[in-house]
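Me: I would like to go through this model term by term. For each label, show me the value and the cut-off behind it.

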Amino acid sequence: MTGLMTGCQTSTTSQSPDLYDQLGQRSGIAVIVEDLLFLIVDDGRINQSFRGVNVEQFHRLLTDQLCELSGGPCHYTGRSMRELHADMAITDTQFNALTENLILAMEQNRVPTGAQNRLLRKLIPLYPDIRNL
């Protein structure tokens, strides 16, 4: 299965615009993150985990992180994922809920499915640090 995904990724990457552009560059990513924040507020599975969060800082840092991960000119200056999530005891259910909301936010902004999958593949390596495994 991994070989199949790698093969698809290679052909998709060479035939499609840059991921950063498909996400709408920094301004498009900022809108996706804003929509994600609204989805988080409405999601009882995870909204308690975000109480007391500085929304402006969270928005800026997540926008920068997704911008950088997608190949954009931004630079993420926040804490490491392991340090940031160290005391949160995030469950798979919570992790999956946030992922579902990110997908919904991208769909609301008409990000092509292939670009969504490419971004998610770039986020997968962060899983062990977010879950602190």
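**The disulfide**

Reply: Start with the sulfur atoms: Cys67 and Cys74 are joined by a disulfide, S to S 2.1 Å. The model is a predicted one.

Me: Why is the pair Cys67 and Cys74 called a disulfide?

Reply: The cut-off is a pair of cysteine sulfur atoms within 2.5 Å. For Cys67 and Cys74 the S to S value is 2.1 Å. The pair therefore meets the definition. Searching the whole structure turns up one disulfide.

Me: What makes the disulfide of Cys67 and Cys74 right-handed?

Reply: The torsion about its S-S bond. The value is about 70°, so the disulfide is right-handed.

Me: Are Cys67 and Cys74 buried or exposed?

Reply: Both Cys67 and Cys74 are buried. That label stands for under 20% relative accessible area.

**Helix α3**

Me: How do you know that the span of α3 agrees with its number of residues?

Reply: α3 has 17 residues. The expected span takes 1.5 Å times one less than that number.

Me: Which residues of α3 are buried, and what covers them?

Reply: The buried residues include Gly28, Ile32, Asp35 and Leu39. Their cover includes α2 (19-22), α4 and α6.

**The pockets**

Me: What makes a residue part of the lining of the largest pocket?

Reply: An atom within 4 Å of a grid point of the pocket. For the largest pocket, 35 residues qualify. Phe58, Met81, His85, Leu98 and Ile130 lie nearest its centre. α4 (55-69), α5 (81-85), α6 (92-108), α7 (113-123) and α8 (127-131) each give two or more residues to this lining. The largest share, seven residues, is from α4. The space in the largest pocket is about 1,000 Å³.

Me: How does the lining of the largest pocket divide by class?

Reply: It has 23 nonpolar, ten polar and two charged residues.

Me: Which residues line the second largest pocket?

Reply: Leu37, Ile40, Val41, Asn47, Phe50, Arg51, Gly52, Val53, Val55 and Phe58. Two or more residues come from each of α3 (25-41) and α4. The largest share is that of α3, with three residues. About 190 Å³ of space lies in this pocket.

Me: Why does the lining of the second largest pocket have one charged residue?

Reply: Asp, Glu, Lys and Arg count as charged. Arg51 is in the lining list, so Arg51 is the charged one. The other classes in this lining are seven nonpolar and two polar. Gly counts as polar, so Gly52 falls in that class.

Conventions:
Residues numbered from 1 in each chain as written. Predicted model: local features only at pLDDT ≥ 70, side-chain atom pairs only at ≥ 80, totals over all residues. Heavy atoms only, no water. 1 Å grid on protein atoms, 1.4 Å probe; cavity = no way out; pocket = protein on both sides within 12 Å on 5 of 7 lines; lining within 4 Å. Points joined across faces, edges and corners; volume = space filled by probe spheres on them. Helix = DSSP H or I, 4+ residues; strand = E, 2+ residues; numbered from the N terminus. Buried < 20%, exposed > 50% of the residue type's maximum accessible area, 1.4 Å probe, protein only. Contact = heavy atoms within 4.5 Å.
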